[in-house]
Amino acid sequence: MGTSATGITAVGITGVGSALPEHELTSRQLQDEVTAGSGLRLPEGMFEKATGIATRRFAADGEYASTLALAAARRALARAGHDPSDIDLLVYASATRDVCEPATAHLVQAELGSRAHAFDVSNACNSFLNGIDTARAMILAGRARRALVVTGETPSRAMRRDPAGLAEFRDGFAGYTFGDAGAAVVVEPVARGGIVDVETETASEHWAVGGIPGGGSRHPRGDEYSWFRGGGKELRGVFEKIGGDILTRVAARTGLGWDAYARVLVHQVTVPYLERFVELTGVPRDRLVLTVPELGNIASATIGVQLDRIQDELGPGSGC
């Protein structure tokens, strides 16, 4: 690894935190709600059988994306041994925002009590990783000394509970995988280890496969545009098209095979999707940190929650 213009040779994660809402809902309870709201007759146990998700957490009234991000941020700072005043960059990196404007980073910072340069990064379920990558780049460039990257996800609020017919139900079915969570990491220069490599690939031509169309200049108002719509099969097809090559390129550059990793953290949408990921990539199953059966698809918070769960078993030089 080369030395940056600042003389910093490595940047890593020194503190991790996560936060889960207390309210838990089973797939059976959720299916009962959707059945009651839509009048559709659905096969018994359909939600859990199709997704492998048994339970998920939903934010309560008065609990927001920033609430979950803030709780996770405080835990990450405590874990790293820092106060809010010790950070000079705060990146809120999530698919969920409290408000359309201003950046949710400011809502988090106002409660946290820090005075850092603060802004949002939003790129669906990649947001948190993009936020970490952005923070690392700014530290290497000398634009920041210590960063706090946070996410709060409440996609349950974009889940349609009363679809008007089978077509609407199918259009929003991917949304029934969602759960809510928050995560945070402290990113700063480290003497050992650190982030070794970053690789990305973007297939923007598939932007319409899934998302929430409302809130922007195309559909600024209207409840009809506030629900998640997406095709699970189409999303999986895009991953199968480009995902494996990304991992191959990282392995070629670093010379690291799966045996070099203590743990493998990966975004988890459903159990069948995860099984397909293992089949395509050859990831050892025992290296995965399984969260989707218990928490569902928690969007950009997934990897942060997984990292928080295993941080005690990792040391400098542990790969994940």
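Residues are numbered from 1 along each chain as its sequence is written. In this predicted model local features need pLDDT of at least 70, side-chain atom pairs count only at pLDDT 80 or more, and totals for chains, interfaces and linings use all residues, while side-chain values use heavy atoms, leaving out hydrogens and water.

The largest nonpolar core has 29 residues. Such a core is a set of buried Ala, Val, Leu, Ile, Met, Phe, Trp, Tyr and Cys residues joined through side-chain atoms within 4.5 Å; buried means under 20% relative accessible area, exposed over 50%, and partly exposed in between (1.4 Å probe, protein chains only). L89, I132, I139, V149, V185 and V187 touch the most other members. Among the elements that give two or more residues are strand 1 (11-19) and helix 5 (127-140); helices (H or I, at least four residues) and strands (E, at least two) are DSSP runs numbered from the N terminus. Helix 5 gives the most, with five residues. Another core, of 20 residues, lies apart from this one and includes A69 and L112.

D120 counts as partly exposed because its relative accessibility is 24%. The side chain of D120 reaches two backbone nitrogens in polar contacts (pairs of N or O atoms within 3.5 Å; within protein, one must be able to donate a hydrogen and the other to accept it, and residues adjacent in sequence count only if both atoms are side-chain atoms).

| Side chain | Backbone nitrogen | Distance |
|---|---|---|
| D120 | T104 | 2.8 Å |
| D120 | A105 | 2.9 Å |
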